[in-house]
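Here are my notes for you on this one. Keep the structure open while you read, and take the points in order.

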Amino acid sequence: MSEAALTPSPARPARRAGGARVRGESRLVQAILIAIALVFLLLVLGLPLASVFVEAFRKGWDVYLEGLSDPDALAAVRLTLLVAAIAVPVNVVFGLAAAWCIAKYEFRGKTLLTSLIDLPFSVSPVISGLVYVLLFGAQGWFGPWLKANGVEIIFALPGIVLATIFVTFPFVAREVLPLMQSHGTADEEAALTLGASGWRTFWTITLPNVKWGVLYGVLLCNARAMGEFGAVSVVSGRIRGLTTTMPLHVEILYNEYNTVAAFAVASLLALLALVTLVLKTLLEWRYADHLSANGKH
Amino acid sequence: MTRKRLRRLFDYAMAALALAFCLAVTAGARAQTVELLNVSYDPTRELYRAINAAFAQEWKAKTGKTVTIRQSHGGSGAQARTVIDGLNADVVTLALGGDIDAIAQRTKKIPADWQKRLPNNASPYTSTIVFLVRKGNPKGIKDWGDLAKPGVGVVTPNPKTSGGARWNYLAAWAWAKKANNGDEAKTREYIAALFANVSVLDTGARGATTTFAQRGIGDVLLAWENEAYLVGEEFGAEKFDIVTPSLSILAEPPVSLVDGNVDAKGTREAAQAYLDFLYTPKAQAIIAKHHYRPMKPEAADPKDMAQFKTIDLVTIDKDFGGWTKAQPEHFGDGGTFDQLYKPKR
């Protein structure tokens with residue numbers, strides 16, 4: 001491949017001068033790059049995705065449905081939906097609150113708060129799970145007190161929800177914050193001067209301005225909440241039919257040589273990913289202007 | 001979107017939250033029927049599925065009550081760790097006594113003399129370690145000595161996390177010690193050569209099996225006898241051969257009540273009955289069917305018993321001074337495994 005065309009090197013100025021040649025070459029390079037990208041996408045994304053569905057339907061539709069209607073699989077689906085139903089709204093409230101106070105107010109430690117929001121992205125999910133074990137486990141800081149008061153956190157629903165909230169909380173805040181910052185505080189100031197309450201200002205001015213960003217954040221947050229493996233696997237205790245979410249259940253089934261059922265459940269997760277992708281594309285396509293402050297699209 | 005609609009959306013979200021909460025609460029209320037949690041090691045998934053169904057039936061017939069048994073599986077050492085961290089197990093059925101000792105020492109939820117509470121060292125069945133090789137045994141692996149030869153790919157899980165792997169390790173150690181007339185230096189040399197042939201150390205027995213059988217890595221899998229037979233059933237007996245070495249180890253996977261947990265949950269009666277059930281002829285027959293060596297062979301189907309070859313077996317208590325001695329000596333920090341295993345660079 002011609003590196004000269006990719007990064008025109010100052011050592012060879014003559015090449016740059018020959019306009020036609022550069023254009024000719026760059027068309028070739030363009031084709032090569034597109035081909036590489038396509039082949040890469042096909043190998044890394046298309047093939048695995050296809051294999052999920054091929055494996056899931058290997059023994060036919062009936063076996064596929066049987067794998068999904070197993071009580072443990074259904075329990076895993078229910079748990080996953082429940083966890084997402086709690087974690088996502090909590091993160092919307094938190095994300096809006098965090099973005100609001102960062103975008104609209106000046107205070108000491110603002111930069112620190114901004115970078116703290118990103119923490120879950122930079123910490124390995126296993127660690128996110130382990131910190132909860134260290135805090136709430138039987139040998140952890142609050143373990144004895146929780147035990148004495150009959151509160152179960154680790155290896156039960158609250159632990160799984162906590163771990164999920166932790167790994168997914170940047171999504172909404174990260175999407176909303178740039179929008180709020182780009183809108184500035186002028187509208188809010190006007191509303192307040194006209195006598196609106198803070199609450200009313202939020203509902204009539206701030207929220208409508210960022211609604212598409214919120215929706216976008218919810219989408220990403222939900223996808224991750226349902227798909228999270230690492231952090232949840234540490235705090236789950238892997239009790240079949242009770243504390244296994246869909247990703248954990250996939251692993252269990254695979255380890256039991258139950259490939260068809262494993263991929264049947266995996267296909268649900270893949271479908272979720274596809275739906276998310278379609279919704280995300282629609283959002284971007286339809287409301288590109290509203291989201292553009294994001295700078296990512 | 002108008003403010004009203006946003007508000008309504010907010011209301012819906014709150015309603016969904018409330019619904020989710022109610023679901024969680026009712027899920028808790030359903031636990032009123034007796035529910036036991038059996039925390040077990042990796043390869044027993046199929047065994048306990050069958051045992052649990054049989055026990056639930058018997059318990060219903062005897063007491064009229066419904067019992068559900070939940071299962072959690074993983075590497076034996078890792079599972080013990082989860083129970084120590086607070087997983088609410090009613091019974092633990094692990095790969096070796098050392099892991100249950102660890103729970104007893106660290107949580108005091110199990111009395112120190114737990115292994116004397118049930119017959120046969122609290123082990124309703126035993127097993128041993130055999131070799132699983134590819135069909136026709138292309139590398140000619142017949143005994144432990146062949147595993148240390150150059151060019152042989154050995155698959156075993158990690159002795160730090162897997163109970164089965166510790167039995168593998170000690171069986172190899174016992175053979176080498178006997179073959180070298182008790183010479184410790186030569187035994188160490190053999191173990192180092194054996195582990196130089198290991199390319200993947202999975203965390204649990206099931207992971208190692210998948211590595212060998214499904215991913216096709218290695219020439220020989222050091223496996224639980226039961227796991228070796230199961231691979232034949234799952235992947236086709238025509239693809240693999242089982243090689244029985246000249247000497248192996250009597251693996252005793254013990255069971256115990258977790259007293260601290262059953263007393264807090266009020267499930268002692270059912271949990272004790274569950275463990276006692278493992279020793280009944282009915283359960284012993286199921287055990288043999290799943291390729292574990294039953295404590296009472298007379299209860300099993302003679303056809304199932306025919307699969308177990310007689311092997312010269314060493315024991316953990318006689319040859320290694322019990323788990324309390326063997327665990328720190330071989331698998332603790334800086335133990336023989338740490339000294340002899342050099343990961344490939």
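1. Start with one stretch of chain A. Residues 74–103 of chain A are 100% helix and 0% strand, with 42 Å between the end C-alpha atoms. Do keep in mind that this is a predicted model.

2. Now the record. An unreviewed UniProt entry annotates residues 74–103 of chain A as "transmembrane region", along with 31–54, 115–141, 153–173 and 260–279. Take residues 115–141 of chain A as another case: here the chain is 70% helix and 0% strand, and the end C-alpha atoms are 26 Å apart.

3. The unreviewed UniProt entry also gives "domain: ABC transmembrane type-1" for residues 77–284 of chain A. In the model, that span is 79% helix and 0% strand, and its end C-alpha atoms lie 29 Å apart.

4. How do the chains meet? 26 residues of chain A are in contact with 27 residues of chain B. On the chain A side, α5 (71–104) and α13 (198–227) each supply at least two residues, and α13(A) has the largest share, with 5 residues. By type, the chain A side divides into 15 nonpolar, 7 polar and 4 charged residues.

5. Next, look inside. The largest nonpolar core has 160 residues, and the ones with the most contacts inside it are A:Val176, A:Val235, A:Val265, B:Val91 and B:Leu132. α5(A) gives the most to this core, with 16 residues.

6. Leaving aside neighbours within four places in sequence, B:Leu132 is in contact with residues including B:Phe212, B:Val220, B:Leu221 and B:Ile242.

Note on methods: Residues are numbered from 1 along each chain as its sequence is written. Chains are lettered from A and ligands numbered from 1 in the order in which they are written. This is a predicted model: local features need pLDDT of at least 70, side-chain atom pairs count only at pLDDT 80 or more; totals for chains, interfaces and linings use all residues. Two residues are in contact if their C-beta atoms, placed from the backbone, lie within 7 Å. Helices (H or I, at least four residues) and strands (E, at least two) are DSSP runs, numbered from the N terminus. Ala, Val, Leu, Ile, Met, Phe, Trp, Tyr, Cys and Pro count as nonpolar, Asp, Glu, Lys and Arg as charged, and the others, Gly among them, as polar. UniProt positions are given in the numbering used here, feature names are shortened, and annotations may be inferred rather than shown by experiment. A nonpolar core is a set of buried Ala, Val, Leu, Ile, Met, Phe, Trp, Tyr and Cys residues joined through C-beta atoms within 7 Å. A residue is buried if 20 or more other C-beta atoms lie within 10 Å of its own, exposed if 12 or fewer, and partly exposed in between; C-beta atoms are placed from the backbone.
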